[in-house]
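Biologist: I am new to this structure. Could you take me through it step by step?
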There are 2 protein chains.
Amino acid sequence: MAVAVVVVIFTVRQDRLNVLLIERAAEPCKGEWALPGGLLLPGETLDAAARRKLEDETGVSDVFLEQLYTFDRLGEGRAEVVVSYFALVDIGRTRLRSESEWRPAWHPVRPAPPTAFDNGRVIRYAEERLRNKLEYTNVVYSLLPERFTLTRMQQTYEAILGERLDKRNFRRRVVGLGIVRPTGRFEKQGAHRPAMLYEFTSREPMVL
Amino acid sequence: MAVAVVVVIFTVRQDRLNVLLIERAAEPCKGEWALPGGLLLPGETLDAAARRKLEDETGVSDVFLEQLYTFDRLGEGRAEVVVSYFALVDIGRTRLRSESEWRPAWHPVRPAPPTAFDNGRVIRYAEERLRNKLEYTNVVYSLLPERFTLTRMQQTYEAILGERLDKRNFRRRVVGLGIVRPTGRFEKQGAHRPAMLYEFTSREPMVL
DNA sequence: ACAAAAGTGTTGCGGGTACACCCATGC
DNA sequence: GCATGGGTGTACCCGCAACACTTTTGT
């Protein structure tokens with residue numbers, strides 16, 4: 001009974017939620033897009049295997065990463081049990097190994113890209129969990145740089161939720177409830193008007 | 001790499017949240033209390049294995065049962081990966097096989113009973129999930145008989161949440177929002193005053 | 001008659017949503 | 001001077017929490 005992990009790595013790029021897929025270099029399903037994943041190394045824990053996969057593909061490791069669900073009979077894969085994880089990364093910190101043989105690349109989640117095995121199911125599940133977590137945690141910290149404008153933070157929310165939010169209500173929520181605080185510094189480059197930069201009061205996952 | 005399932009089976013008994021434990025008949029940890037579980041049968045899915053374990057121990061199968069979390073390195077068990085599930089049963093419908101060699105029995109969750117492997121961790125996690133689910137789903141349907149008094153339903157909530165609730169606010173919530181409806185029948189036996197019997201508008205898991 | 005549990009309404013507060021205008025800067 | 005995006009305050013609504021007394025029945 002073989003156990004594998006797969007990681008759903010999300011980022012927000014150009015106001016769209018994106019997921020990292022690789023092009024399979026080996027059979028089965030050679031040439032098709034799939035989630036990064038694989039079997040555990042000898043003695044490796046599930047969390048460690050997920051972190052390793054994440055770092056292999058993106059170069060980052062200090063981000064939000066959480067176990068999602070355990071599937072069996074996922075497509076025609078070799079593993080009989082697949083433990084899925086999901087991660088959130090700031091695209092500005094990632095360095096994809098695009099020259100590697102499996103060509104990792106970002107794909108917009110909508111419309112859903114064609115994927116091998118039953119990876120679409122895993123992605124949909126992860127997306128739903130992400131939307132829920134947005135509402136009652138600070139996980140979005142993991143999708144943004146250390147300092148950011150509130151507009152950018154709002155765009156991140158809008159990209160994930162798929163709906164527009166009211167600027168003033170959004171500000172009140174996130175600053176009023178102490179999720180982020182102003183740094184006193186301003187964004188200068190190319191902005192029509194300098195915008196206040198904010199930071200999270202905590203860069204650890206927490207429930208609000 | 002062996003995969004096992006374990007099932008955290010909860011019920012409410014005498015105003016206390018209880019969990020079903022078995023006494024291990026074989027090494028390792030012979031004689032200690034542990035969650036029911038075991039390896040998958042050949043070709044069996046995870047969900048099917050969990051349902052089978054649940055039915056073996058309690059005799060019921062049409063109840064709330066959901067995957068919880070996947071652990072590795074749980075205690076000194078044989079399996080390297082343990083997929084946990086949790087279930088909610090009405091104690092009135094269960095028939096424990098108490099004469100079997102592993103003597104299944106109900107144990108109050110607080111104070112936490114001593115358990116083999118790291119089963120205490122699994123139970124705590126399941127309890128937390130249950131408390132959360134109570135607030136935004138109708139899962140409690142699975143802990144009650146078909147018809148019940150609102151007082152009994154409220155006691156079930158109080159047993160799980162560990163705090164007392166206001167009678168009038170509770171009624172408004174559950175009847176006002178259409179989670180349960182009055183049947184028109186009354187509880188007659190031994191009651192100080194006949195009480196209206198209610199039923200769930202749906203006996204399927206749903207988010208409110 | 002008394003103990004035990006069922007049943008029933010109102011008020012206040014807080015969080016969430018809807019909504020429109022002015023200002024500073026870059027071009 | 002104009003287009004772009006940043007920043008700000010108020011009013012309403014609804015869900016939630018707090019709160020006390022009367023009624024029926026069994027003993």
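Modeller: A nonpolar core is a set of buried Ala, Val, Leu, Ile, Met, Phe, Trp, Tyr and Cys residues joined through C-beta atoms within 7 Å. A residue is buried if 20 or more other C-beta atoms lie within 10 Å of its own, exposed if 12 or fewer, and partly exposed in between, with C-beta atoms placed from the backbone. This is a predicted model, in which local features need pLDDT of at least 70, side-chain atom pairs count only at pLDDT 80 or more, and totals for chains, interfaces and linings use all residues. Residues are numbered from 1 along each chain as its sequence is written, and chains are lettered from A and ligands numbered from 1 in the order in which they are written.

Biologist: Which residues touch the most other members of the largest nonpolar core?
Modeller: They are A:V8, A:A87, B:V8 and B:A87, in a core of 108 residues.

Biologist: What is B:A87 in contact with, leaving aside its neighbours within four places in sequence?
Modeller: B:A87 is in contact with B:V7, B:I9, B:L54, B:V63, B:F64 and B:L65. Contact requires C-beta atoms, placed from the backbone, within 7 Å.

Biologist: How many residues does each chain bring to the contact between A and B?
Modeller: Chain A brings 12 residues and chain B brings 12 residues. On the side of chain B that touches chain A, β5 (64-72) and β6 (81-88) each supply at least two residues. The largest share of that side, four residues, comes from β5(B). Strands (E, at least two residues) and helices (H or I, at least four) are DSSP runs, numbered from the N terminus.

Biologist: In what order do the strands of the open three-stranded sheet in chain B run?
Modeller: The order is β8-β10-β9, with antiparallel pairing. Strands pair if DSSP finds at least two bridges between them.

Biologist: Why is one side of β8 and of β9 left without a neighbour?
Modeller: In chain B, β8 (148-149) and β9 (180-187) stand at the edges, each with a single partner strand, so one side of each has no neighbour in the sheet. Five bridges join β9(B) to β10(B), and B:V180 stands opposite B:F200 in β10(B).

How values were computed. Contact = placed C-beta atoms within 7 Å.
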